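I opened this notebook to record what I looked up in a structure that was new to me.

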Amino acid sequence: MSDRQAIIDEIARKRVIHRLPGMDRLPVRRDLTYRSTTGSQLPLDIYYPSPTARPAPTVDAPLGYPDPQGGVRTFGPLTSWAQLIAASGMAAVLYANEQPDEDAVAALQYLRASANTLALNIDSLGLCAFSGNGTVALA
C-alpha cells in the first residue's frame, strides 16, 4: 500500500467527535440512482431522521470534485456529518458525481421530482458544503 493510500484510508475511518443519541441507528437509503451518465449510474444516499419526522427538511451536501464511484460519500467524516444532520431532524443527502456542477443540479432535480416517494420536504432545502465544495453549492 502506498503512503498516499494509507493516508486516504486513515481519513476514511475518521468520524466527527460530537455524537447525538441514536445517530448510528437512524435509517439510511443507499445507492439510489439519481443520474446515468457515460454508461455509469451515479448513486445517492439519504440519511433520514426518525420515522415520525417525515416528510423531512433536506440538506444536500455536494462534492466539489469528481467521484463517480461515490467512495467518498462512504467516508467517516461525511457519513458522521450526515448522521448528525439526521439526528437533528433533517434528511441528509450524499452522492457521487462525475461533473460536480452538473451533477449537483441533477441531484437537486431528482430530489425535487422524487420528494413524495422519498419522504422529503424539498421546500425546506439547505446546502452544506465545506472548503472547495462551497463553490459547487453556490453554482
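The entries below follow the order in which I consulted this predicted model.

**Entry 1: cavities.** The structure holds two cavities of 30 Å³ or more. I noted that the largest cavity contains about 50 Å³ of space. I then asked which residues line the largest cavity. The lining is formed by Ala61, Leu78, Trp81, Ala82, Ile85, Leu94, Cys128 and Phe130. By class, I recorded eight nonpolar residues in this lining, no polar ones and no charged ones. Helix 2, residues 76–87, gives the most to the lining, with four residues.

**Entry 2: the largest nonpolar core.** I next asked how many residues the largest nonpolar core has. The core has 20 residues, and Tyr34, Leu44, Ile46, Leu111 and Leu118 have the most contacts inside it. At least two core residues come from each of strand 1 (28–37), strand 2 (40–47), strand 4 (91–95), helix 3 (100–113), helix 4 (115–118) and strand 5 (120–127). Helix 3 gives the most to this core, with five residues.

Entry 3: I looked up the surroundings of Leu44, leaving out residues up to four places away in sequence. Leu44 touches, among others, Leu32, Tyr34, Val93, Leu94, Ala107 and Leu111. Its contacts also include the residues Arg29, Arg30, Asp31 and Arg73.

**Entry 4: Ser80.** I turned to Ser80, which lies in helix 2. Is Ser80 buried or exposed? Ser80 counts as buried because its relative accessible area is 0%, and the limit for buried is under 20%. The side chain of Ser80 reaches the backbone oxygen of Pro77 at 3.3 Å. Not counting residues up to four places away in sequence, Ser80 touches Arg15, Val16 and Met23.

**Entry 5: Leu20.** I located Leu20 in the loop between helix 1 (3–13) and strand 1. With a relative accessible area of 27%, Leu20 is partly exposed. Setting aside neighbours within four places in sequence, I found Leu20 in contact with Leu84, Ala87 and Ser88. I also asked what separates the C-alpha atoms of Leu20 and Ile7. These atoms are 27 Å apart, and the two residues lie 13 residues apart along the chain.

Key: Residues are numbered from 1 along each chain as its sequence is written. This is a predicted model: local features need pLDDT of at least 70, side-chain atom pairs count only at pLDDT 80 or more; totals for chains, interfaces and linings use all residues. Side-chain values use heavy atoms; hydrogens and water are left out. On a 1 Å grid over the protein atoms alone, a cavity is a set of points where a 1.4 Å probe fits but cannot get out, and a pocket is an open set with protein on both sides within 12 Å along at least five of seven lines; lining residues have an atom within 4 Å of a point. Grid points are joined across faces, edges and corners, and a volume is the space filled by probe spheres set on the points. Ala, Val, Leu, Ile, Met, Phe, Trp, Tyr, Cys and Pro count as nonpolar, Asp, Glu, Lys and Arg as charged, and the others, Gly among them, as polar. A nonpolar core is a set of buried Ala, Val, Leu, Ile, Met, Phe, Trp, Tyr and Cys residues joined through side-chain atoms within 4.5 Å. Buried means under 20% relative accessible area, exposed over 50%, partly exposed in between (1.4 Å probe, protein chains only). Contact means heavy atoms within 4.5 Å. A polar contact is a pair of N or O atoms within 3.5 Å; within protein, one must be able to donate a hydrogen and the other to accept it, and residues adjacent in sequence count only if both atoms are side-chain atoms.
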